[in-house]
Amino acid sequence: MLPATFKLCAAISYRHLRNMTGLRRQAAVAISQELSRLACRSAGPSAWINQVRRRSSLLSSRLEEKPFSEAEMSYIKQGEEALQKSLSILGDQDGWKTETVVDNGDKVLSKVLPDVGKVFRLEVVVDQPLDAVYSELVDNMEQMGDWNPSVKEVKILQKIGKDTVITHEKAAATPGNIVGPRDFVSVRCAKRRGSTCVLAGMATTYGAMPEQQGFVRAENGPTCMILRPVASDPSQTKLIWLLSIDLKGWLPKTIINQVLSQTQVDFANHLRERLARTVAVSC
């Protein structure tokens with residue numbers, strides 16, 4: 001027979017079930033049933049101690065999981081929506097017109113969508129592996145203001161699960177102050193599907209970050225970046241950036257189009273320089 005202490009553990013687990021609901025209750029039920037089954041077996045002291053430790057650890061980890069709130073689920077849904085809309089836009093190859101082609105092969109395309117407006121598509125190849133590019137754009141996103149002159153600051157306001165974040169971004173004024181200070185509040189999600197990474201986002205509202213004095217609250221999205229290794233050379237990364245943005249304010253469309261396409265070209269160059277410096281330092 002097993003010691004009475006082991007049976008007591010199973011009994012205590014059952015009493016705690018009455019204070020649980022949903023998935024947490026279901027997990028605890030399964031664990032408690034297993035404890036009871038083990039309590040009816042005969043086993044040596046070391047065997048039952050190990051069983052209790054393992055199941056107690058699992059029970060504790062499950063009970064510590066916190067379900068997402070309604071607001072958090074709303075943000076997660078917005079991020080997924082941005083991802084799906086962006087992939088749908090990029091998946092339609094018709095109607096794209098060339099805006100800019102650079103000597104190194106970088107190019108910016110654009111098209112006008114009835115429900116979105118004008119969107120821009122940057123296509124470049126970066127001479128760094130995907131993991132390095134992903135780390136810079138996702139893991140180190142708050143450092144973007146250090147290397148991208150178009151960005152003054154990026155701040156993560158809230159993390160939701162492992163894929164979703166709420167961010168506040170301050171854009172730097174353009175040369176000659178053609179476009180004054182803008183800021184953005186966005187929900188972003190990062191998904192990795194095999195060797196392809198998709199970083200998507202769209203404008204959202206966040207109570208703790210109202211409109212800021214001195215900035216025009218602009219809106220972006222749906223927008224995304226797709227990263228995948230170059231088939232002929234996995235040490236290189238193909239980057240596609242879909243940019244959809246409403247800068248707000250009274251700005252001529254010709255100026256907006258020029259600024260946005262140039263911003264994408266400049267971004268690719270600054271990213272390359274940043275990655276080159278990072279690799280040099282790590283070596």
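Visitor: What makes the span of helix α4 close to the expected one?

Guide: In this predicted model, helix α4 runs over residues 70-91, and its 22 residues reach 31 Å from the first C-alpha to the last. The value to set beside this is the 32 Å expected at 1.5 Å a residue, and the span of α4 is close to it.

Visitor: Which residues of α4 are buried, and why are they said to line one face of the helix?

Guide: The buried residues of α4 are Tyr-75, Ile-76, Gln-78, Gly-79, Ala-82, Leu-83, Ser-86, Ile-89 and Leu-90. Seen down the axis of α4, these buried residues fall within an arc of 155°, and therefore they line one face of the helix. The face turned away from that buried side carries the exposed residues Glu-70, Lys-77, Ser-88 and Gly-91.

Visitor: Why is Lys-191 called buried?

Guide: Lys-191, which is found in strand β6 (residues 182-193), has a relative accessibility of 19%. Buried means under 20%, so Lys-191 counts as buried. Leaving out residues up to four places away in sequence, Lys-191 touches Glu-80, Leu-83, Asp-163, Thr-196, Cys-197 and Val-198. Leu-83 in that list is also one of the buried residues of α4.

Visitor: How do you know that the side chains of Lys-191 and Asp-163 make a polar contact?

Guide: The contact between the side chains of Lys-191 and Asp-163 is 3.1 Å, and the cut-off for the N or O atoms of such a pair is within 3.5 Å.

Visitor: What makes the pair of Trp-147 and Phe-267 tilted?

Guide: A pair of aromatic rings is described by the distance of the centres and the angle of the planes. The count here comes to 3 aromatic pairs. In the pair of Trp-147 and Phe-267 the ring centres are 5.9 Å apart and the planes stand at 45°. Centres must lie within 6.5 Å, and planes under 30 degrees apart would be stacked while those over 60 would be edge-to-face, so this pair is called tilted.

Visitor: Where in the chain do Trp-147 and Phe-267 lie, and are they buried or exposed?

Guide: The pair links distant parts of the chain, with Trp-147 in helix α6 (residues 144-147) and Phe-267 in helix α7 (residues 253-282), 120 residues apart. Trp-147 has a relative accessible area of 5% and is buried, and Phe-267, with 3%, is buried. Trp-147, Trp-241 and Phe-267 form one aromatic cluster.

Visitor: Why does Gly-145 count as partly exposed?

Guide: Gly-145 lies in helix α6, and its relative accessibility is 28%. Buried is under 20% and exposed over 50%, so Gly-145, at 28%, counts as partly exposed. Its contacts, leaving aside neighbours within four places in sequence, are with Val-151 and Lys-152.

Visitor: How do you know that the charged end of Arg-192 sits over the ring of Tyr-134?

Guide: The charged end of Arg-192 is 5.6 Å from the centre of the ring of Tyr-134; the distance must be within 6 Å, and the charge must also lie within 35 degrees of the ring normal. Arg-121 likewise lies over the face of Trp-96, at 5.3 Å from the ring centre.

Visitor: Why is Asp-106 called buried, and what does its side chain make a polar contact with?

Guide: Asp-106 lies in the loop between β1 (97-101) and β2 (107-113). Its relative accessible area is 2%, and as buried means under 20%, Asp-106 is called buried. The side chain of Asp-106 makes a polar contact of 2.8 Å with the side chain of Arg-272. Leaving aside neighbours within four places in sequence, Asp-106 is in contact with residues including Thr-100, Glu-123, Ala-268 and Arg-272.

Visitor: What makes Asn-220 count as buried?

Guide: Asn-220, in strand β9 (residues 219-220), has a relative accessibility of 15%, and with the cut-off at under 20% Asn-220 counts as buried. A polar contact of 3.3 Å joins its side chain to that of Ser-186. The C-alpha atoms of Asn-220 and Ser-244 are separated by 5.7 Å, although these residues are 24 apart along the chain.

Definitions and conventions
Residues numbered from 1 in each chain as written. Predicted model: local features only at pLDDT ≥ 70, side-chain atom pairs only at ≥ 80, totals over all residues. Heavy atoms only, no water. Helix = DSSP H or I, 4+ residues; strand = E, 2+ residues; numbered from the N terminus. Buried < 20%, exposed > 50% of the residue type's maximum accessible area, 1.4 Å probe, protein only. Polar contact = N/O pair within 3.5 Å; in protein donor to acceptor, adjacent residues only side chain to side chain. Contact = heavy atoms within 4.5 Å. Expected span 1.5 Å × (residues − 1). Arc of directions from axis to C-beta. Phe/Tyr/Trp six-rings, centres within 6.5 Å; stacked < 30°, edge-to-face > 60°.
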